[in-house]
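Please go through the notes below with the model open beside you. They are written as separate points, and each can be checked in turn.

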Amino acid sequence: MRVLSNIMKKKCESTLYNKISDITQNAKSHTLKSFKFIGDALSFAVNILFKTPFFIFSPIILIFIYFLLWKISSLIQIPLFQYVHELYTYADLIDHYSTDIAILGVTTKILIVALPLSLTFFYFSYKEQKALAISSASFWNISTRSFGMLALVSIVLGVHLKVTMNTTLAKDPAILIQDMDNLFSLRVLIWLLCFFGTIIFGISAIKVHIANLNYSSQFNFALKKVNKSAKALANTYFDFQRKKAFDNIYSNVDALYQVLFLAIEKNTVSFLKNAMRNWGDALFSLSYDSDFAQKNIIGPSKINGDDYYRDMYRSILKNHVTLINKLFTAHKFEDAYESLDIFVKLESKEQEYYTALHELSLLLYKQDNLNVILQILNRITNIYKNKEMTVDEVNIIYKQLLILTIEKNDIKSLSSLIYSLLKNYKQPNSVKGISKIIPLPILTSNIQDSNLNECIVYLVLQSLLKSIELSHYSCTGLLIKFLITNFNGEIIKKTYGIAITNLIKKKKGENPYLAKSKISNIHVSFNFNITTLRYCYEKMSILIYCEQKFVKERKIRISNNINSQPPIDIFGLNYDLGYLFDKLNNVGMKYGLLYFDDTDFMGNMQKEIENILISHRSHPKKKKILKRN
């Protein structure tokens, strides 16, 4: 019983401790949020005062507020002079009102001298920052605004207090200290608050403007601001607070990247390396994989229905794409690959990311860095593969690259590109003891979603059509061999039928597997020539059918996982078959397909296809299928 009692006692103590801890944490959180709200509200008010056209009327409003506070402050009494005069005795100062007035006068004169000197320095640092083309350069940042406003209030109030106190003492030199407290204590207290506020904001403004004078200080200051603003989002109550924090992040993110761009241009090697590493660490706390971001940034944006996070995410991605492009252009490959690692870590299944990836792919392809793009695509796909998920979004990038490589007739890049599609998936073990094995990577349909497989086959069919339209024969031959040796006949036949319906009957050139979801904001299209589309499609059909039959007749086995049969349904050809075969035979081995060397095989294929067409045309149930569009 005693043991059970001790256990229950410890359990109760533990529960009580946890409750007290939770209450303390909640109280601390609400206190921080309250102080944050007060600071944000004051900053918001300052911003409003300095905005045009409100700025035009702000002097009148400030004068009105000033005299209103002057009158109200006389209604509240604080024994300030009594306490201050007691301090004079400890400091060996004269215990008299003349000391008060002297201190007031000296501090006011200091402010009168400091204000123009400070503004001159601030303007100098601002011009230096503008010379470096930093877009976030601002003379009237919040610290400078607050410093200027509080300094003016302190000077005006100090002069006003000095004159009023001299006038009061001239009328009644023997005035009691209690009467002075009644008249001036709160006014002096307000002046003291303004004076110390001026000092605090002045130091802050100096730090801001000093940070504008070199790369390192600009970068570190902007990075600190981003981290501070991100953490501030955890202590916000209202939308204007969130907007202010995000605005700070936007401007400082732009400043960070512009400093990095300048560092690349000026070849500041050590600074660039350290800066990129520090920025990469900070970016993780803003990414989709960060618990902090999900709780305090992304989650609240989704709940409130605002676009603050999306705008920030888009800004970071666009700037980072530009950074990677500049690093490759400057041949800073080590830093470029480090920045690519950061870019991959920013991945999310969001439209903003794949639009940025699309832009990056176009830029790198123009620099002949296709392999770099393919590494990124493979890494992203592997991330989701390890999570037992598929990422269809990369297919829009592959589509764009297929179009570019075929239009350039770039057979080497096309080969790298199409086999990159297969590297993203699990490959079966090679089969031993099989004759005529072609060592190619295999896409196994039993472990992948059928829609994903059909989407890839559809992309290959579209690419084939485009290569035939452009008469890029080597590209056509490569794609034919790739299609037959890497995909089962069943999926080719099914996707081929879908392509007939979509491309020939409905005359829609887009991939139906990518059309339903808008993955990237950049439009991608093969832009087929509608007038020659059917002709090209029928040439493609014959090439595919002949390759399937050739593989079967010669008993070429790629792997136990791949079967080239059944062949596609070829009974829907409308052009003269002899004309089509003549055109194909004239090109012949330019396609790189072995069966063009075998005239007997090609003759047999022409007769076989002709018999299929005659058989289906005479069959009454097939007439609707064969009807011309």
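**Notes on the structure**

1. Helices H13 and H15 are roughly parallel to each other, since angles under 35 degrees count as roughly parallel, over 145 as roughly antiparallel, 65 to 115 as roughly perpendicular and the rest as oblique. The axes of H13 (residues 351-366) and H15 (residues 394-407) cross at roughly 25° and come within 10 Å. Axes here are lines fitted to C-alpha atoms, for helices over the stretch in contact, and the angles run from 0 to 180 degrees between N-to-C directions. H13 passes H15 in a right-handed crossing; a crossing is right-handed if the near helix is turned clockwise from the far one by less than a right angle, and left-handed if anticlockwise.

2. Which residues make this contact? On H13 they are Tyr 354, Leu 357, His 358, Ser 361, Leu 362 and Tyr 365, and on H15 they are Val 394, Ile 397, Gln 400, Leu 401, Leu 404 and Thr 405. Contact means heavy atoms within 4.5 Å. The residues of the contact of H13 with H15 comprise 8 nonpolar, 4 polar and no charged. In this scheme Ala, Val, Leu, Ile, Met, Phe, Trp, Tyr, Cys and Pro are nonpolar, Asp, Glu, Lys and Arg are charged, and the others, Gly among them, are polar.

3. On the source: this is a predicted model, in which local features need pLDDT of at least 70 and side-chain atom pairs count only at pLDDT 80 or more, while totals for chains, interfaces and linings use all residues. Residues are numbered from 1 along each chain as its sequence is written, and side-chain values use heavy atoms, with hydrogens and water left out.

4. The protein as a whole has 24 helices and 0 strands. Helices (H or I, at least four residues) and strands (E, at least two) are DSSP runs, numbered from the N terminus. Of the 629 residues in the protein, 47% are buried; buried means under 20% relative accessible area, exposed over 50%, and partly exposed in between (1.4 Å probe, protein chains only). Among contacts with a separation of 6 or more, 76% are between residues 24 or more positions apart.

5. Val 156 lies in H5 and is partly exposed, because its relative accessible area is 47%. Its C-alpha atom is separated by 8.6 Å from that of Thr 108, 48 residues apart along the chain. Met 165 is also placed in H5, but Met 165 counts as buried because its relative accessibility is 1%.

6. H7 (residues 215-232) has 18 residues and spans 25 Å from first C-alpha to last, close to the expected 26 Å. The expected span is 1.5 Å times one less than the number of residues. Buried residues in H7 include Tyr 215, Phe 219, Leu 223 and Val 226.

7. H17 (residues 450-469) has 20 residues and reaches 28 Å, close to the 28 Å expected. H17 is mostly covered, as 17 of its 20 residues are buried. Ser 471, which follows H17, has a positive phi near 60°.

8. Apart from neighbours within four places in sequence, Ser 339 is in contact with Met 276, His 320, Leu 323, Ile 324 and Leu 327.

9. Glu 407 belongs to H15 and counts as partly exposed because its relative accessibility is 43%. Not counting residues up to four places away in sequence, Glu 407 touches Leu 470 and His 472. The C-alpha atoms of Glu 407 and Ser 467, 60 residues apart along the chain, are separated by 7.7 Å.

10. Some loop residues deserve a check of the backbone. His 331, in the loop between H11 (308-329) and H12, has a positive phi of about 60° although it is not a glycine. His 331 is exposed, with a relative accessible area of 58%. A cis peptide bond joins Gln 565 and Pro 566, with omega about 0°, and Pro 566 is in the loop between H21 (530-553) and H22 (577-587).
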